[in-house]
Amino acid sequence: MLETFADLDRRLRAEGFEPRSPSGEVAAQDEGICVMLACRGCRRAGLAYRPYLTARFGRRSRERYRPVAACDDCGQALEF
């Protein structure tokens, strides 16, 4: 789902996430994915990596980390 980064940021924060990068190889891999993506809104090549984590340890690992690709030109973003 394509939405503005501001809207996505508000939604993730409301779900208990905060802008923070995971340690290790996962962050490097996901940042590399963002660089290879193009914006669905304006077609800009190379998106910014904006990771979110939560400290809720009762969740499965996928539910504790949300990678986001954001366009610095038009402000659109998506979780991947």
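Colleague: In which helix is the place of Asp30?

Modeller: Asp30 sits in helix 2, which covers residues 25-36; helices here are DSSP runs of H or I with at least four residues, strands are runs of E with at least two, and both are numbered from the N terminus. This is a predicted model, in which local features need pLDDT of at least 70 and side-chain atom pairs count only at pLDDT 80 or more, while totals for chains, interfaces and linings use all residues. Residues are numbered from 1 along each chain as its sequence is written, and side-chain values use heavy atoms, with hydrogens and water left out.

Colleague: How many helices and strands does the chain have?

Modeller: There are three helices and seven strands, and along the sequence they follow the pattern β-α-β-α-β-β-α-β-β-β.

Colleague: Does one call Asp30 buried or exposed?

Modeller: A residue is buried under 20% relative accessible area, exposed over 50%, and partly exposed in between, with a 1.4 Å probe and protein chains only. Asp30 has a relative accessibility of 10% and therefore counts as buried.

Colleague: Which side chain is joined to that of Asp30 by a polar contact?

Modeller: A polar contact is a pair of N or O atoms within 3.5 Å; within protein, one must be able to donate a hydrogen and the other to accept it, and residues adjacent in sequence count only if both atoms are side-chain atoms. Here the side chains of Asp30 and Tyr65 are joined by such a contact of 2.5 Å. Using contact in the wider sense of heavy atoms within 4.5 Å, and not counting residues up to four places away in sequence, Asp30 touches Tyr49, Tyr65, Pro67 and Phe80.

Colleague: Which residues of helix 2 are buried, and why do they line one face?

Modeller: An α-helix has 3.6 residues a turn, so residues three or four places apart point the same way. In helix 2 the buried residues are Ala27, Asp30 and Cys34; seen down the helix axis they fall within an arc of 70°, so they line one face of the helix, the arc being that of the directions from the helix axis to the C-beta atoms. On the other side of helix 2, Glu25, Ala28, Val35 and Met36 are exposed, whereas the cover over the buried residues includes strand 3 (48-49), strand 5 (65-66) and strand 6 (68-70).

Colleague: Which residues of helix 1 are buried?

Modeller: They are Leu8, Asp9 and Leu12, and because they fall within an arc of 100° when seen down the axis of helix 1, they line one face of that helix. The face of helix 1 turned away from this buried side carries the exposed residues Arg10 and Ala14. The elements against which the buried residues of helix 1 pack include strand 1 (3-4), strand 2 (18-19) and strand 7 (76-79).

Colleague: How many disulfides does the structure hold?

Modeller: A disulfide is a pair of cysteine sulfur atoms within 2.5 Å, and the structure holds zero of them. Cys42 is in no disulfide, the nearest cysteine sulfur being that of Cys71, 3.6 Å away. Cys42 counts as partly exposed at 35% relative accessibility, whereas Cys34 is buried, with a relative accessible area of 0%.

Colleague: What share of the chain's residues is buried?

Modeller: Of the 80 residues in the chain, 35% are buried. Among contacts between residues at least 6 apart in sequence, 57% join residues at least 24 apart.
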